[in-house]
Amino acid sequence: MTSPIGEDDLAAWIDGRLSPERQRLVDAYLEGQPDVHARLREQAEQARALASLFAPIADEPIPATMRVAAIRGRQRQPRWQLAIAASLLLAVGFGGGWSSARWSGEPRAGIAALANEASDNFRVYAADRIRPAEIGPDQRAMLIRWTSARLGERVTIPDLSTAGYRYGGGRLVATPHGPAVLLLYDGPQASKLAVLTRPMQIDKSASMTSTSSGTMGRVTWAVDGIGYSVVGERPAAELHPIADEVRRQADAGLVS
Amino acid sequence: MAHRAASCRCSATEMDPLAAAIEPLVPGLRRYARSWLRDRAMADDLVQDCLERAVGRWRQRRGTEVRPWVYAILHNLLVDHKRQHVRRGTAVPLHLVDDVALGRPADQDAGLHHRDLLRALDALPEEQRTVLLLISVEGLSYGEVAAVVGVPLGTVMSRISRGRDRLATLLREGERPRLRSIR
């Protein structure tokens with residue numbers, strides 16, 4: 001006694017998921033049903049086309065943020081811990097930033113490199129009158145998604161309106177150390193400001209350092225492996241309060 | 001004996017068991033999300049969300065198979081997302097994003113064929129499209145699909161049959177105008 005051929009058998013025939021006994025039975029049935037056989041063959045072909053259509057997506061390397069270790073690391077750290085760490089760093093950064101500015105000594109390689117990348121990109125993009133930003137200020141979410149995926153870190157867009165700077169869009173830029181995000185701001189009297197952010201390999205944590213390049217001031221630091229450099233056509237000392245605000249918002253994880 | 005015991009312990013601690021269970025699923029999860037949304041960034045956002053939930057709720061899983069459990073989390077996120085999306089009426093016309101989002105060059109012949117296939121797929125009722133994608137693209141078993149979607153096995157089987165018939169019809173309808181234009 002065998003059970004009759006069913007819809008489920010035909011579906012499994014298409015997918016090649018029949019047991020050997022059932023396969024023989026269905027094959028024999030299809031011999032006598034050329035129309036059904038043709039239909040199933042056509043549908044099997046379409047199923048294969050569908051699989052190959054989407055197959056390349058699974059070959060893409062997965063973002064680092066999707067590693068279980070990365071997810072666990074984020075989930076293990078309670079929010080209050082982050083808040084305390086942020087306020088400590090803020091205090092340290094304040095003192096450290098000022099003193100290193102006074103020493104005017106050589107800043108460490110990682111941070112110094114980041115500061116130079118910031119002013120190089122500022123020189124090119126802030127001066128651009130046609131298209132300074134790739135993604136405009138009205139598409140914050142898109143910029144965050146895009147650049148976060150490329151950097152493997154959650155990117156935030158600081159709101160600097162209290163300092164008189166309006167967010168004017170951003171873009172992904174190339175640096176010798178990989179991709180970075182350049183955020184552009186428009187200030188009073190057509191003045192410009194930019195924040196460059198990227199993951200840091202060398203200075204994973206560094207207090208605020210003020211430097212200058214020509215007429216440009218730069219305030220640069222790193223927290224938890226992420227480097228920040230605030231750059232503008234102003235003395236670095238004037239940029240310092242703005243940098244503090246950027247850091248406060250980044251540490252608080254404020255996402256606009 | 002001592003040697004063997006030592007090497008066993010080594011390989012067991014090589015990879016975190018949670019990572020070993022979840023990470024191999026990530027490429028498929030990204031593919032499933034993108035087959036729904038076509039927008040790489042948005043799809044990856046939902047996969048990220050799914051993974052955060054899976055890691056956070058790992059202990060509440062209670063013996064369920066890992067693959068259908070994780071796919072079910074993502075599937076529910078996709079359904080919710082789509083519902084909000086449709087309500088807001090912000091769906092992106094799919095032909096504009098196909099080639100880019102699927103990560104393939106828009107090559108002539110294949111491009112046309114892929115476009116037909118995508119259009120037919122999108123014209124299917126959601127419940128049929130879902131089982132078609134989970135079975136033919138993700139390679140889930142019929143039982144796993146039933147668990148992901150939360151319907152009996154028999155329902156999965158009839159949805160897959162109806163879905164395939166409908167897809168074949170849609171593809172034939174799509175072909176006709178082109179044949180006419182050649183003549």
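Helix α7(A) is followed by G152(A), whose phi is positive, near 70°. This is a predicted model, in which local features need pLDDT of at least 70 and side-chain atom pairs count only at pLDDT 80 or more, while totals for chains, interfaces and linings use all residues. Residues are numbered from 1 along each chain as its sequence is written, and chains are lettered from A and ligands numbered from 1 in the order in which they are written.

Helices here (H or I, at least four residues) and strands (E, at least two) are DSSP runs, numbered from the N terminus. The 12 residues of α7(A) should span 16 Å at 1.5 Å a residue, and its end C-alpha atoms are 16 Å apart, which agrees; the expected span is 1.5 Å times one less than the number of residues. In α7(A), the buried residues are L143(A), I144(A), W146(A), T147(A), S148(A) and L151(A), where a residue is buried if 20 or more other C-beta atoms lie within 10 Å of its own, exposed if 12 or fewer, and partly exposed in between, with C-beta atoms placed from the backbone. The cover over these buried residues includes β1 (166-175), β2 (178-186) and β3 (192-199) of chain A together with α4 of chain B.

The axes of α7(A) (residues 140-151) and α4(B) (residues 40-56) come within 10 Å and cross at roughly 70°. That makes α7(A) roughly perpendicular to α4(B), since angles of 65 to 115 degrees count as roughly perpendicular, those under 35 as roughly parallel, those over 145 as roughly antiparallel and the rest as oblique. The axes are lines fitted to C-alpha atoms, for helices over the stretch in contact, and angles run from 0 to 180 degrees between N-to-C directions.

The residues through which each pair meets are set out below, two residues being in contact if their C-beta atoms, placed from the backbone, lie within 7 Å.

| α7(A) and α4(B) | R145(A), W146(A), A149(A) | A41(B), D44(B), D45(B) |

By class, the contact of α7(A) with α4(B) has 3 nonpolar, no polar and 3 charged residues, whereas that of α1(A) with α3(A) has 6 nonpolar, 1 polar and no charged. In this division Ala, Val, Leu, Ile, Met, Phe, Trp, Tyr, Cys and Pro count as nonpolar, Asp, Glu, Lys and Arg as charged, and the others, Gly among them, as polar.

Between the chains, 30 residues of chain A are in contact with 37 residues of chain B. The largest share of the side of chain A that touches chain B, 12 residues, comes from α3(A), and by class that side has 18 nonpolar, 4 polar and 8 charged residues.

Within chain B, helix α3(B) (residues 26-37) is mostly covered, with 11 of its 12 residues buried, and R38(B), whose phi is positive, near 65°, follows α3(B). I73(B), in helix α5(B) (residues 66-88), is buried, with 21 other C-beta atoms within 10 Å. Not counting residues up to four places away in sequence, I73(B) touches C50(B), R53(B) and A54(B). The C-alpha atoms of I73(B) and V148(B) are separated by 8.1 Å, although these residues are 75 residues apart along the chain.
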